[in-house]
Amino acid sequence: MTFSGGSALTFLESLDASGRNGGQGGAAGGRGGIGSGGGEGGADNAGNESRGVDGTEGEKTQIIYHISGEDMGENVHRESDTAEGGCWGARYTLCLLMFLGITLIYMTRVCLSIAIVAMAGTSVTENNSSANVCPYPAGWNDTMGEAQHGEFDWDAATQGLILGSFFYGYVGTNFAGGRAAELLGGRLVFGLGVVLSSLLTIVSPFCAYASKELFIANRVLQGLAQGVTFPTIHMMMATWIPPRDRARIGTMVFSGVMIGTVVAMSGGGLLSNSDFLGGWPSVFYIFGGLGALWGVPWFLLVHDRPEHHPRISQAEMNYIRRHQTTVKREEKVAIPWIDILKSVPFWSLMIAALGYNYGFYTLLTELPTYLSNIQHLDMASSGFMSALPYLVMMVATILWGQLMHLLISADKISVLMVRKVSTAVCMYVPMAALVVLCFVNCDAALALAVLCVAVGASGTNYSGVSISEQDIAPNLAGTLKGITNTVGAATGIVAPLVTGAITQGNQTLAAWRIVFLISAALYLLVTTVYLVFATDKVQPWNFPKTEKDSRRF
């Protein structure tokens with residue numbers, strides 16, 4: 001399954017077909033068994049024997065309800081191959097729209113990183129003859145060594161404050177958004193987050209012209225709106241997607257991060273360098289408008305849970321229900337704060353989120369500035385070149401997710417090993433690349449190649465630590481992702497401020513080496529902690545206390 005195939009018309013027709021064929025799917029689901037015996041045996045939450053759909057006794061299939069080791073058997077593969085419920089299930093509609101939603105929120109989030117180069121201009125360092133400063137290429141900005149002037153007089157420290165202001169809001173709503181999604185439903189919370197942030201993006205140019213303070217306030221509000229989105233996505237994936245499918249489907253959904261970044265940086269660079277709708281303001285108008293329009297299909301087609309979906313086939317419903325102890329259930333679970341705070345696996349996720357996000361946000365927010373001020377790429381080239389590493393990341397993310405899914409399906413690797421290997425690649429490889437970047441000096445092509453490796457390898461995160469909250473506590477996936485994403489979002493505030501403080505009036509190779517080495521050191525530390533303490537086992541505190549003592553793990 002991919003998100004790119006077929007037209008919109010075919011997509012909508014498939015939804016109607018799923019609804020019409022629901023009864024047929026149910027019959028098919030009733031006939032297809034997990035084992036060699038007749039009915040499709042279900043199981044209660046303790047993994048005990050239960051009745052099949054056709055009334056016969058189902059087999060005891062505890063392997064279905066464990067994430068690693070035990071669920072690698074032949075029965076699981078037979079189930080996965082026959083219970084899709086058609087070529088396009090309701091959960092794929094959800095994932096497609098989540099993918100588009102992520103794409104659009106990243107377009108609106110990242111567009112400032114490229115537009116600010118046109119808004120504030122580029123700086124020029126006086127000691128251009130120094131070995132610590134790259135020489136300007138012939139014809140740079142049509143004039144040798146001439147800086148590009150913007151409409152706003154913002155120095156490096158001010159730009160760092162503006163770029164980081166989004167995360168002041170973003171850090172404040174991750175936990176609240178995750179919990180709200182568990183209590184109110186992901187359809188409402190995620191939909192409002194995307195639409196409201198898009199509307200705020202549309203008015204961003206007016207705020208910038210009014211005052212720097214109003215523009216910063218607007219970015220803070222955008223962060224508040226988007227803070228609810230990622231915890232909600234993880235909660236909805238924990239509800240709809242069994243663990244064995246999460247690496248494959250999750251990488252498709254989260255590839256929207258890279259696609260949104262590529263579109264924002266490449267398209268934003270071209271728009272900022274044009275006269276269309278005033279140049280850089282068009283970036284905000286167009287990207288924000290697309291996000292607002294996305295809300296129409298989201299609210300029309302998406303439902304919170306499989307049981308609430310009017311067009312889901314019975315076969316797809318049965319497939320999801322057979323994994324009921326490793327997907328989120330409908331009843332609300334109180335937050336077991338003491339158990340969470342004492343959980344070593346949870347703390348390993350927290351620490352990993354801190355290091356990964358600091359490095360990623362440093363590159364995400366500062367890459368256009370580095371390529372413009374240090375490597376002296378012009379505005380149009382800077383946007384395209386800034387987008388290239390994220391294009392590599394998108395391809396790597398999808399291919400890696402498919403590879404991990406194939407290895408799991410062939411019993412070559414456990415889910416826990418997928419999480420650990422993916423996390424090691426997504427942080428150790430960028431760590432090494434950033435160290436190498438300190439020695440490329442003024443070779444722009446080599447610098448870009450190294451950045452492609454650093455950013456591209458980060459995409460394996462979406463098969464690794466990024467979805468680990470769904471593994472250890474599916475009933476609390478929104479809450480846990482809200483907590484870990486709050487820590488990650490805080491680095492989005494710190495990273496631009498640290499970079500701005502280091503490079504303020506000091507746009508030199510030596511200054512940027514410090515920026516890169518800080519990220520590399522964090523990558524090394526947090527990844528090692530995660531690899532030692534991570535697990536994919538569902539934790540006892542995931543379940544209501546009345547049931548916890550009766551469960552076997």
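Predicted model: local features only at pLDDT ≥ 70, side-chain atom pairs only at ≥ 80, totals over all residues.

User: How many helices and strands does the chain have, and what percentage of its residues count as buried?

Analyst: The chain has 21 helices and 2 strands, and of its 553 residues 60% count as buried. Among contacts between residues at least 6 apart in sequence, 81% join residues at least 24 apart.

User: How should I read the packing of two helices, and at what angle do the axes of H4 and H14 cross?

Analyst: Two packed helices are described by the angle between their axes and by the distance between those axes. For helix H4 (residues 90-120) and helix H14 (residues 344-373), the axes come within 8 Å and cross at roughly 30°. Because angles under 35 degrees count as roughly parallel, H4 is roughly parallel to H14. The crossing of H4 and H14 is right-handed.

User: Which residues in H4 and H14 meet?

Analyst: From H4 come Tyr106, Arg109, Val110, Ser113, Ile114 and Val117, and they meet Phe360, Tyr361, Leu364, Thr365, Pro368 and Ser372 in H14. Sorted by class, this contact of H4 with H14 has 8 nonpolar, 3 polar and 1 charged residues.

User: Which residues in H5 meet H14, and at what angle do H5 and H14 pack?

Analyst: Helix H5 (residues 156-184) packs with H14 at an angle of about 135°, with their axes 10 Å apart, and the two helices are therefore oblique to each other. Leu163, Phe167 and Tyr170 in H5 meet Tyr361, Thr365 and Glu366 in H14. The residues of this contact of H5 with H14 divide into 4 nonpolar, 1 polar and 1 charged.

User: Where is Asp411 placed, and what is its phi?

Analyst: Asp411 sits in the loop between helix H15 (379-409) and H16, and its phi is near 60°, a positive value in a residue other than glycine. With a relative accessible area of 38%, Asp411 is partly exposed.

User: Is Ala424, in helix H16, buried or exposed?

Analyst: The step of reasoning is a cut-off, since buried means under 20% relative accessible area. Ala424 lies in helix H16 (residues 415-437) and has a relative accessible area of 18%, so Ala424 is buried. Setting aside residues up to four places away in sequence, Ala424 touches Val429, Thr527 and Leu531. Ala424 and Gly464 are 40 residues apart in sequence, while their C-alpha atoms are 8.5 Å apart in space.

User: Which residues does Thr103 contact, and which does Gln470 touch?

Analyst: Thr103 lies in helix H4 and is buried, with a relative accessible area of 8%. Leaving aside neighbours within four places in sequence, Thr103 is in contact with Gly256, Ile259 and Gly260. Gln470 is found in helix H18 (residues 468-472) and, at 0% relative accessibility, counts as buried. Not counting residues up to four places away in sequence, Gln470 touches His234, Met237, Ala238, Arg246 and Ala477.

User: What joins the side chains of Gln470 and His234?

Analyst: The side chains of Gln470 and His234 are joined by a polar contact of 2.9 Å.

Key. Residues numbered from 1 in each chain as written. Heavy atoms only, no water. Axes fitted to C-alpha atoms, helices over the stretch in contact; angles between N-to-C directions. Helix = DSSP H or I, 4+ residues; strand = E, 2+ residues; numbered from the N terminus. Parallel < 35°, antiparallel > 145°, perpendicular 65-115°, else oblique. Left-handed = near helix turned anticlockwise from the far one by under 90°. Contact = heavy atoms within 4.5 Å. Nonpolar A, V, L, I, M, F, W, Y, C, P; charged D, E, K, R; others polar. Buried < 20%, exposed > 50% of the residue type's maximum accessible area, 1.4 Å probe, protein only. Polar contact = N/O pair within 3.5 Å; in protein donor to acceptor, adjacent residues only side chain to side chain.
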